[in-house]
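Here's a friendly walk through a two-chain model, starting where the chains meet. Have a look at it first, then read on.

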Amino acid sequence: MGDAAPLAETPLVLIGRHGRRRVVLAADHAAEKAGLHVGMPATKAQALVPGLVMMDGDPAADEDALERLAIWALKNYSPIVAADPPDGIVIDATGAAHLHGGEEAMLGHLLSRLSSSGFLATAAMADTWGAAHALARYVARPSLVVPAGKSAEAVAGLPLASLRLPGETVAELRRLGFKSVKDLLDQPRAPLVLRFGSDLGRRLDQATGAQRELIERVRSPELVEAKQVFAEPIGAPETIAKYVGKLVVILCQALEQQALGARRLDLLCHRVDNRIEVVRVGMATPVRDVKRLTRLLTDKIETIDPGFGIEIMILVAVVAEPLEPKQRISSLVQETEADVSSLVDVLVNRVGERRIYRLEPVASDVPERSVKRVAPLAPKTEGDWPTSWPRPARLLANPELIETLALLPDHPPVWFTWRGVRRRVARADGPERVFGEWWKADPELEAVRDYFQVEDENGERYWIYRAGDGVDPATGSHRWFLHGIYA
Amino acid sequence: MSITSANPTAIDTLRDKIRRIEGHDSPQRPVLPFGISAIDNWLPGGGLALGALHEVAGGGNGAIDGAAAALFAAGIAARTKGPVLWCVGRPDLFAPAIAQAGLKSSRVIYMEAGDEKTTLACLEEGLRHGGLGAAIADVSKLTMTASRRLQLAAETAGTVGIVVRRWRRQAEAADFGQPTAAVTRWRVSALPSAPLPVPGVGRARWHLELLRCRAGSSADFYVEACDAKGRLALFADLADRSGAAEDGRRSATG
């Protein structure tokens, strides 16, 4: 609503028609605090809260917005996402959570992204859509992860309204004295179904995980996709590879028409037993090269379990970016930079995005902080580490305590013992004094390390340091550590 | 073709044919010279074969820390052109040292494969790509089959592949005696550094053993470690003494 929006603390409700009555469709925090709830007649709400701001609800626009949100989640989180009207989206996180650092991290990330764009959301992750739906609305504050196999227990204590049943059924069940999901689970199923229809049993089973539920993936005309339906289900890896190749050709043609290149591709294989096997590949740069995309997808065929056969294959360019023809360098003198983006894509899809990186210098004297990881194809920065002091080829992640005999304040040790082996120092260089970075942490205000490069009698060279300046105990413990090994 | 007469041209053509069957298209394969005549003259072709697999390991404690072996590999990679893929095993490689061996940080793409199988697969991928200057991997076990695959990949694409062998325990280093398909096998051990007229540590020196060399024989070299451009040098007191002065001494207090 922009500037026209009422203040956050003003109670606000959305009003819509329900049959012939005008009822509250949605209420914000302030309104709920004032005692209003969804489904209450509009007139009653008005009478209860003076100064209530009432606005007409627009269910069609809500649905559109939900679809857009689902597509955003599709692009960012998982290949299978659907809108769960009226107020949710459902994400199939199978095989997607680990890419975001685990299930909890994924929910945390999702919620923080949503709240930064102004949505107040709760999220739950469970074995089934039904359970996650119920838990997100009734338990998650703001997020909850139910371990695998525990969904049935988790939903047992929830009210009946969490079961995605029509309002009348819930009201009738309440009248009969059923309060929670557990009450229903304890009852014999047949009489319930006889009275309320099979819907009740189905919803119960879906919530507890006894019955699977297919998530119908959200679709959008803006996503370029190619589809292949098979008369006979296919299952052999070679056949899958063949059709992947065909789909990629079709997709690339469609992308070319729109001058796009794919950044992320989803291959969805609908199996005959109503499951979907998904392969998602990412590219570091927009790509429209048939050979390259086929290669990336066929690399992952072994992760597809065809079960009794695949009947539909859909290839979607979930994230596509403009890809215009570019002129290659044709000058005589300038050397062309080898393009390794295809290699990076292959490797990233094999081992994960975080494990391929370039290392760049950081202006810090503390050795372990002088290196940072950047994306392999990130723009190159000029400059390197200072070369005034030789650095060891191997740096221990944790400096190891060594025993030494050394003159204070600034002499290298005469000998030191590391990992049980005593070495006499034949030559040494130093000290190179490194000061703590007080702007990073308070305890570093006075911290000092004196680094020495020492060589033993066999010519093996080590990078050792003394914590502290050798005079003032405030600067460090004056113990010696081995930090690196020279070549 | 008739092979009735044993004239030298016929034998040459046959040799050529065999070489082509073996996958070497051009009779003269490109090499990367070390710039040290003693080493270059020893190696067949006058330098380290590009488009081939090489093995490097450290001697003594270097078998475990792999520091000198890594720098030796970095020095070779530094003298190639194009990006370099480095599949690291244990993430303790200190990038500033690699940069000091002449391999600029902007050229190296590091990768942590997690296990050795993936490391080898990724190294092969890198070798096959063809756009890289060099592909390096830290590996402890290298079987004949695996090395053969890598060697073939390196041959087809013309990228130099370097396997830095590094083990967890000294006892495992005996594995370095097992045959592999690598073209050369090097062992780098630390030697006491060049003596300086003042207290301090001079340029590192290595005992470079060429343990195995296809179409060549093994040899020992005593060299000074990589300079800022990745070049090795013979000992100043073995060659001429002019080089000794350039690698300056460092003052004791920095």
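Start with a spot where one chain's strand pairs with the other's: strand E12 (residues 356–361) of chain A and E5(B) run antiparallel and are joined by two bridges. Strands count as paired if DSSP finds at least two bridges between them. A:Ile356 has B:Met111 in E5(B) as its bridge partner. As for the names, helices (H or I, at least four residues) and strands (E, at least two) are DSSP runs, numbered from the N terminus.

Before going further, keep in mind that this is a predicted model: local features need pLDDT of at least 70, side-chain atom pairs count only at pLDDT 80 or more, and totals for chains, interfaces and linings use all residues. Residues are numbered from 1 along each chain as its sequence is written, while chains are lettered from A and ligands numbered from 1 in the order in which they are written.

**Where the chains touch**

The contact takes 47 residues from chain A and 45 residues from chain B; two residues are in contact if their C-beta atoms, placed from the backbone, lie within 7 Å. On chain B, helix H4 (67–78), helix H5 (95–100), strand E5 (108–112), helix H6 (116–129) and strand E8 (184–191) each supply at least two residues of the side that touches chain A. That side of chain B has 25 nonpolar, 13 polar and seven charged residues. Here Ala, Val, Leu, Ile, Met, Phe, Trp, Tyr, Cys and Pro count as nonpolar, Asp, Glu, Lys and Arg as charged, and the others, Gly among them, as polar.

**Helices of chain A**

Axes are lines fitted to C-alpha atoms, for helices over the stretch in contact, and angles run from 0 to 180 degrees between N-to-C directions.

Which residues meet between H12(A) and H13(A)? A:Arg292, A:Arg295 and A:Leu296 in H12(A) meet A:Ser342, A:Asp345, A:Val346 and A:Asn349 in H13(A). By class, that contact divides into two nonpolar, two polar and three charged residues.

Between H11(A) and H12(A), the residues that meet include A:Val244 and A:Val248 from H11(A), and A:Leu293 and A:Leu297 from H12(A). This contact has eight nonpolar, three polar and no charged residues.

**A barrel in chain A**

Chain A also has a closed barrel of six strands, running E14-E15-E16-E17-E18-E19 with antiparallel pairing. From one strand to the next, the twist averages 45 degrees. Within it, eight bridges join E16 (residues 421–435) to E17 (residues 448–456) of chain A, and A:Val425 stands opposite A:Asp456 in E17(A).

The model scores ipTM 0.82 and pTM 0.75. The predictor's confidence in each residue is pLDDT, from 0 to 100. Chain A has a mean pLDDT of 86, with 97% of its residues at 70 or more; for chain B the mean is 84, and 88% reach 70 or more. Over residues 239–254 of chain B, pLDDT stays under 50. Where pLDDT is low, the predicted coordinates should not be read in detail.
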